[in-house]
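Dear colleague,

Please find the structure below.

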Amino acid sequence: MADLPTPKKESAILSSQEQTLRLARSRGIDGMLTRNSDSTFEQRASFRQLADQAARQRNLEAIMVMASRHCEETAAGGEMDSDWLTRFLQLAEDISMVPMQQLWGRIFAIEVATPGRFSIRSLATLKEMTQREAQLFQRLCALSCHYAGSDELRLLLGLHKGASLLTRARVTRLALGKYRLPYNALLQLFELGLLHRGELESGPLPADGVELAFGNQQWRLHRKQSNVTLLYYRLTPVGNELAQLLTEAPLEEYLQDLKAVLGQGLTLEVSAAPAPIQENEGG
């Protein structure tokens with residue numbers, strides 16, 4: 001094959017042309033660009049198919065290495081569904097970025113330990129996500145909490161105080177852009193099916209309060225007046241499934257700002273989450 005032209009720094013057009021040639025060569029589709037007369041279309045197509053197959057094989061093997069690292073000595077939880085495994089391999093074979101391969105490896109490890117944790121729909125959603133979108137989702141998970149006794153994640157936005165005899169109704173919201181989650185990022189998460197569209201409002205808080213979990217913190221919220229509700233976004237079932245892959249600690253700046261907002265209508269008690277119970281070796 002003919003050599004690629006030497007790049008000329010003074011021309012952005014030639015630089016782009018060189019990049020096009022390099023990309024074409026990397027995928028085996030540069031024959032006509034480089035006037036390659038040493039091989040036929042059929043030969044080049046066969047070469048490209050073999051190269052693609054090898055790349056997919058390399059991707060899957062890399063994911064299996066990462067899955068094995070996550071598994072450690074955890075016992076398997078039973079037979080994996082063969083249809084699920086087939087679909088997993090079909091979707092994962094084109095994942096070439098290492099950070100995304102790590103997520104797929106973690107999914108496989110979790111599924112080996114507890115079959116049925118991830119749906120095919122979740123796998124398909126993850127396949128459509130770019131690395132940047134995965135980072136946005138990770139940011140969302142770092143800002144999310146769940147009620148005690150529930151694994152369903154929510155993103156708290158603020159507080160709604162109903163009107164009283166002396167005051168008007170008032171809504172106070174956090175600006176999520178401050179925490180690198182602007183509204184256009186939320187739109188992407190809506191489109192991916194990770195976050196329910198539309199802001200939600202909780203019912204009136206019970207008299208004995210509610211308990212929220214932010215990572216290793218537990219918040220106990222007690223209302224100061226009866227007509228106080230929470231504003232939030234709620235993750236979809238797919239979002240909650242994929243959130244199992246991410247363990248980023250809560251963002252401290254967000255927690256402090258949220259405390260200030262909630263403190264306008266609630267009293268807060270913050271404590272550390274209890275440590276998991278360790279079983280004795282003797283039973």
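Strand 1 and strand 5 (residues 210-214) run antiparallel and are joined by two bridges; strands here are DSSP E runs of at least two residues and helices are H or I runs of at least four, both numbered from the N terminus, and two strands pair if DSSP finds at least two bridges between them. His 146 has Ala 213 of strand 5 as its bridge partner.

This is a predicted model, in which local features need pLDDT of at least 70, side-chain atom pairs count only at pLDDT 80 or more, and totals for chains, interfaces and linings use all residues. Residues are numbered from 1 along each chain as its sequence is written, and side-chain values use heavy atoms, with hydrogens and water left out.

The open sheet has four strands in the order 1-5-6-8, with antiparallel pairing. Strand 1 (146-147) and strand 8 (266-272) are at its edges with a single partner strand each, so one side of each has no neighbour in the sheet. Helix 9 (residues 252-262) lies across strand 5, strand 6 (217-223) and strand 8, at about 15° to strand 6; axes are lines fitted to C-alpha atoms, for helices over the stretch in contact (heavy atoms within 4.5 Å), and angles run from 0 to 180 degrees between N-to-C directions.

Elsewhere, the axes of helix 2 (residues 41-71) and helix 4 (residues 98-113) come within 7 Å and cross at roughly 55°.
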